[in-house]
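Morning, everyone. Let me walk you through one model, helix by helix.

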Amino acid sequence: PPTPTATPGSPPAAPASEAPPDDGRPYARLRALTEAAAASGTRLWGGVDDTSTAVLPLDFAKTFVGANATHYDESWRLMEWRDRNHSWNWAAALTFGGWLAYRRLYGYAALHVVWLGLLLLLAVNGVPLLPLASLQLAVVLLLGVYGNALYRRSFRKAATAAAEREGEHPARLALLRAAGGVDVRAPWIMAGAVVVLGALIVRYGHAVAEIPLPL
């Protein structure tokens, strides 16, 4: 992991012994060094060599998440501390998949559009609304409980790709930033897709249901 490097005019680097010990969690040693350096006023240099003049962010999670990064960083730390693969996320639960699109989890967002279309198709063809509403409630709860885990999985995949990239640290951070962040247009595109799909199902739903399936 990076080591504290003193810059001209800054206080001397804190001894390594003052940094909290590594507790085995991902990035724990990196966070410990960062906190120890911040407490002593020492800068941490992010480049491959210490001759760089750029002070770079060292927390991959915050670089990847972008908007509202502290919330997700803390949620993921708490999940790791409790050794759990779930934590509650209101945005994931209550936005009908919009949070998935906003956080650039496009594959899951597309699956949710298909799911909503399937529910509408069943409703158009006479399936009672109560069981359909129960199914949607189950999906809402699943997204709320496991949304953070899905997002953490996406982060870990991007972080692994960035860490394995050859070159200097700034290039790795740029790759991680490009893979993460938010897409403010995606929820609107998703909503438009749901409306168009819904209109097509309402118009042609009965005809689709009457198509015989091959056995």
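Start with helix α6 (residues 106-124) and helix α7 (residues 129-163): they pack at an angle of about 175 degrees, axes 11 Å apart. Helices here are DSSP runs of H or I, at least four residues, numbered from the N terminus. Axes are lines fitted to C-alpha atoms over the stretch in contact, and angles run from 0 to 180 degrees between N-to-C directions. So α6 and α7 are roughly antiparallel, a label for angles over 145 degrees.

A word on the source. This is a predicted model: local features need pLDDT of at least 70, side-chain atom pairs count only at pLDDT 80 or more, and totals for chains, interfaces and linings use all residues. Residues are numbered from 1 along each chain as its sequence is written, and side-chain values use heavy atoms, with hydrogens and water left out.

Who touches whom? On the α6 side, the residues include Tyr108, His112 and Trp115; on the α7 side, they include Leu129, Gln136 and Arg153. Contact means heavy atoms within 4.5 Å. The residues of this α6 with α7 contact divide into twelve nonpolar, two polar and one charged. Nonpolar covers Ala, Val, Leu, Ile, Met, Phe, Trp, Tyr, Cys and Pro; charged is Asp, Glu, Lys and Arg; the others, Gly among them, are polar.

Next, helix α3 (residues 69-82). α3 and α7 pack at about 100 degrees, with axes 11 Å apart. They are therefore roughly perpendicular, the term for 65 to 115 degrees. From α3, Trp76 and Glu80 are among the contact residues; from α7, Tyr151 and Phe155 are among them. That contact divides into six nonpolar, two polar and three charged.

How many salt bridges does a search of the whole structure find? One. Arg77 and Asp73 meet in a salt bridge at 2.8 Å, N to O. The cut-off is a side-chain nitrogen of Lys or Arg within 4 Å of a carboxyl oxygen of Asp or Glu. Both residues lie in α3, four residues apart, about one turn of the helix.

Key. Helices (H or I, at least four residues) and strands (E, at least two) are DSSP runs, numbered from the N terminus. Angles under 35 degrees count as roughly parallel, over 145 as roughly antiparallel, 65 to 115 as roughly perpendicular and the rest as oblique.
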